[in-house]
Amino acid sequence: MSEHAQLLRIATAGSVDDGKSTLIGRLLYDSKGIFEDQLASIEATSAKRGDEYTDLALLTDGLRSEREQGITIDVAYRYFSSPRRKFIIADTPGHVQYTRNMVTGASTADVAIILVDARKGVLEQTRRHAFLSALLGIPRLVVAVNKMDLVDYDEATYEAIRSEFTDFAAKLEVHDVTFVPLSALKGDNVVDRTDSMPWYTGPALLDHLENVHIASDRNLTDVRFPVQYVIRPQRADGLDHRSFAGTVAGGIMKVDDEVVVMPSGRQSTIKAIWGPGGAELDEAAAPAAVTIALNDEIDIVRGEMIARPGNRPHQGTELEAMVCWFADDSALTPNKRYVVKHTTRDTKAIVTGLEYRLDINSLHRDPDSTELGLNEIGRIGLRTQTPLMYDPYRRNRDTGAFILVDELTGNTVGAGMIIGPATTGSNVVWHAGAVQRGDRGQGRTLWLTGLSGSGKSTVASEVERLLIESGHPAYILDGDNLRHGLNADLGFSAEDRAENIRRTAEVAALFADAGVVVICSLISPMRADRDKARSVHVAADLPFTEVFVDTPLAECEARDPKGLYAKARAGEIPEFTGVSAPYEPPLTPDLHIRPEDGTAEEVAQRIVSSILGI
Ligand SMILES: Nc1ncnc2c1ncn2[C@@H]1O[C@H](COP(=O)(O)OS(=O)(=O)O)[C@@H](OP(=O)(O)O)[C@H]1O
Ligand SMILES: Nc1ncnc2c1ncn2[C@@H]1O[C@H](COP(=O)(O)OP(=O)(O)O)[C@@H](O)[C@H]1O
């Protein structure tokens with residue numbers, strides 16, 4: 001098992017007095033995850049106070065303030081381990097500022113433990129915590145029904161809570177919910193199974209946490225490296241030795257990988273990667289903190305993003321997001337300005353609209369609300385002054401999250417989870433002057449290459465349909481069709497094909513610049529022609545994705561939808577690709593589609609998900 005697989009990040013949430021601190025203390029105490037001297041000290045304190053039990057709540061960081069104010073203030077991280085796993089547990093407080101603390105403490109968690117007091121049942125706070133866990137993308141919930149000793153270990157009480165919570169969870173996008181009846185105070189079902197509840201046949205809490213299967217929750221597909229610092233050593237040789245430090249926010253970066261720097265669109269390759277302490281690495285995966293150097297001299301400043309040329313984050317100034325509001329002295333209202341902190345970039349922003357406020361109890365969306373108050377959650381439109389390079393939060397919890405800061409006070413007032421580019425316009429005018437690209441939405445080009453009959457047109461048409469259905473402007477440029485008009489003067493010689501592709505690429509870049517997702521479907525048999533099509537886009541800072549529709553010649557020929565292969569074999573069509581003219585397959589396509597990948601619709605779904613994260 002790798003280091004990462006062994007580590008489980010846990011967030012805890014509960015209302016005041018649900019026994020959260022005691023539960024965490026019990027986990028640490030019974031699993032012997034605490035130090036002997038700490039233990040001796042709390043035993044002494046409890047004895048001095050005349051407690052009947054050793055007060056395990058004394059183990060958590062927040063206790064001092066809890067004792068003073070009756071509440072836990074900040075997120076406290078605790079580390080413990082069992083023979084099977086290491087655990088990091090974030091104790092997120094249950095008082096009035098819980099939204100802020102939960103969002104801060106839980107955003108990287110693999111599991112959220114939600115405490116319910118068996119005597120009180122499912123409260124509004126329980127629903128709120130469950131909803132926040134789902135919103136934060138925590139994939140698994142454990143509902144710890146605590147204080148079972150105070151309800152005589154009654155099965156019916158537990159079952160009623162379980163059933164009520166299950167009904168609520170069904171409305172959330174959390175599919176993995178586990179219930180454990182326990183008593184943190186007595187230790188029942190926390191580390192060891194108890195005899196007090198013979199009707200419960202499941203595992204004790206720790207047993208569940210040790211065995212819960214966590215596939216990597218990190219996005220290891222999309223390379224994202226927000227640059228945090230530029231390091232410029234002074235060297236006598238006068239050469240450029242700049243390197244860039246930051247935390248890998250997605251994907252796996254490897255030496256020699258081609259990369260693009262956003263927003264400039266300049267491309268290079270990775271020369272070297274250094275880990276903490278300066279050790280040279282071959283590769284680094286999220287969430288490693290590393291320093292990298294590139295092979296080309298490119299001016300990069302903090303806040304820029306390094307990605308792969310064929311797999312870039314969204315870039316834009318108009319986006320939609322879910323926001324949790326933290327401020328108790330001011331409400332979120334449309335047309336108000338804030339500072340957005342997103343990865344390593346800060347920019348001014350304006351809330352262009354509040355689409356709805358969510359009622360946490362009913363999950364009802366209230367489109368008539370005009371503001372968000374403390375702990376409220378809603379969907380907003382946001383326009384930033386400089387473009388953000390981002391992914392939808394569902395796809396990447398780092399590049400999809402931001403916080404809102406009050407311009408005047410500097411206080412953090414909200415946390416946001418990006419849904420995607422704005423689909424509806426707003427009437428607020430930010431740029432007094434000309435329309436800028438970011439105002440139009442993110443256009444891009446998908447370039448489908450493959451033999452005649454490979455399925456380019458069929459897949460292109462499905463991709464277009466999916467995009468239009470999900471609100472993205474999309475348009476197909478099909479080689480066959482363009483040859484009826486724009487390219488009617490061209491035949492199939494190597495030169496004519498090159499010109500055919502050049503014109504199509506130029507038109508595609510114009511459409512993409514206008515904010516359209518362009519789907520080009522051309523045989524485009526020569527690598528050099530396709531590379532030029534890419535360059536046209538890179539020069540204009542437009543994303544370009546090469547999709548290789550890799551259907552073998554024999555299968556294309558068997559399909560022969562237009563009867564062209566039969567004619568070509570009979571010598572009726574000269575220079576027919578695959579028969580009497582060459583096809584150079586892409587060496588490193590951004591996406592590779594093979595017949596066994598499924599129907600055209602399934603393939604289209606995959607393409608759309610990979611470029612837009614939807
Ligand atoms: N000689 C020859 N070679 C290849 N294809 C031929 C030829 N003659 C006509 N056709 C038809 O034209 C379509 C290919 O046009 P493209 O513009 O995609 O070709 S290219 O990119 O310029 O190579 C191609 O359409 P698809 O089957 O949709 O790929 C054919 O139907
Ligand atoms: N998985 C698939 N994806 C796309 N097309 C498929 C698939 N399986 C079979 N086909 C068939 O293959 C043919 C592909 O033709 P077409 O899309 O016109 O190819 P191209 O545009 O590459 O010349 C169509 O008849 C389509 O129904």
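The crossing of helices α12 and α13 is right-handed. The model described here is predicted.

**Helices α12 and α13**

- Helix α12 spans residues 494–513 and helix α13 spans residues 527–539; their axes come within 9 Å and cross at roughly 25 degrees.
- Angles under 35 degrees count as roughly parallel, and α12 and α13 are therefore roughly parallel to each other.
- On the α12 side, the contact is made by Arg-497, Ala-498, Ile-501, Arg-502, Ala-505, Glu-506, Ala-509 and Ala-512.
- On the α13 side, Asp-529, Lys-532, Ala-533, Val-536 and His-537 take part.
- Sorted by class, the contact of α12 with α13 has 7 nonpolar, 5 charged and 1 polar residues.

**The parallel sheet**

**Strand β27 and its partners**

- Strand β24 (residues 444–449) is joined to strand β27 (residues 544–549) by 5 bridges, and the two run parallel.
- Within that pairing, Thr-449 stands opposite Phe-548, and Leu-448 has Val-547 as its bridge partner.
- Strands β27 and β28 also run parallel and are joined by 3 bridges.
- Val-547 has Leu-591 as its bridge partner in β28.
- In a regular strand the side chains alternate between the two faces of the sheet.
- On one side of β27 are Phe-544, Glu-546 and Phe-548, and on the other are Thr-545, Val-547 and Val-549; all are buried, and both faces of the strand are covered.
- Because 6 of the 6 residues of β27 are buried, the strand is largely enclosed by the rest of the structure.

**Cis peptide bonds**

- Most residues other than glycine have a negative phi, and most peptide bonds are trans.
- The bond joining Met-262 and Pro-263 is cis, with omega about 10 degrees.
- Pro-263 is in the loop between β11 (258–262) and β12 (266–274).
- A cis bond also runs from Ala-286 to Pro-287, where omega is near 5 degrees.
- Pro-287 belongs to the loop between β14 and β15.

**Ala-288 in the β14–β15 loop**

- Ala-288 is found in the loop between β14 (283–285) and β15 (289–294).
- Ala-288 has 16 C-beta neighbours inside 10 Å and so counts as partly exposed.
- Although Ala-288 and Thr-247 are 41 residues apart in sequence, they are 5.6 Å apart in space, C-alpha to C-alpha.
- Leaving out residues up to four places away in sequence, Ala-288 touches Val-248 and Gly-275.

**Asparagines with positive phi**

- Asn-189 is not a glycine but has a positive phi of about 60 degrees.
- Asn-189 sits in the loop between β6 (176–181) and α8 (205–211), and counts as buried because it has 27 C-beta neighbours inside 10 Å.
- Asn-375 also has a positive phi, near 70 degrees.
- Asn-375 lies in the loop between β20 (365–366) and β21 (377–390).

Terms used:
Residues are numbered from 1 along each chain as its sequence is written. Chains are lettered from A and ligands numbered from 1 in the order in which they are written. This is a predicted model: local features need pLDDT of at least 70, side-chain atom pairs count only at pLDDT 80 or more; totals for chains, interfaces and linings use all residues. Axes are lines fitted to C-alpha atoms, for helices over the stretch in contact, and angles run from 0 to 180 degrees between N-to-C directions. Helices (H or I, at least four residues) and strands (E, at least two) are DSSP runs, numbered from the N terminus. Angles under 35 degrees count as roughly parallel, over 145 as roughly antiparallel, 65 to 115 as roughly perpendicular and the rest as oblique. A crossing is left-handed if the near helix is turned anticlockwise from the far one by less than a right angle, and right-handed if clockwise. Two residues are in contact if their C-beta atoms, placed from the backbone, lie within 7 Å. Ala, Val, Leu, Ile, Met, Phe, Trp, Tyr, Cys and Pro count as nonpolar, Asp, Glu, Lys and Arg as charged, and the others, Gly among them, as polar. Two strands pair if DSSP finds at least two bridges between them. A residue is buried if 20 or more other C-beta atoms lie within 10 Å of its own, exposed if 12 or fewer, and partly exposed in between; C-beta atoms are placed from the backbone.
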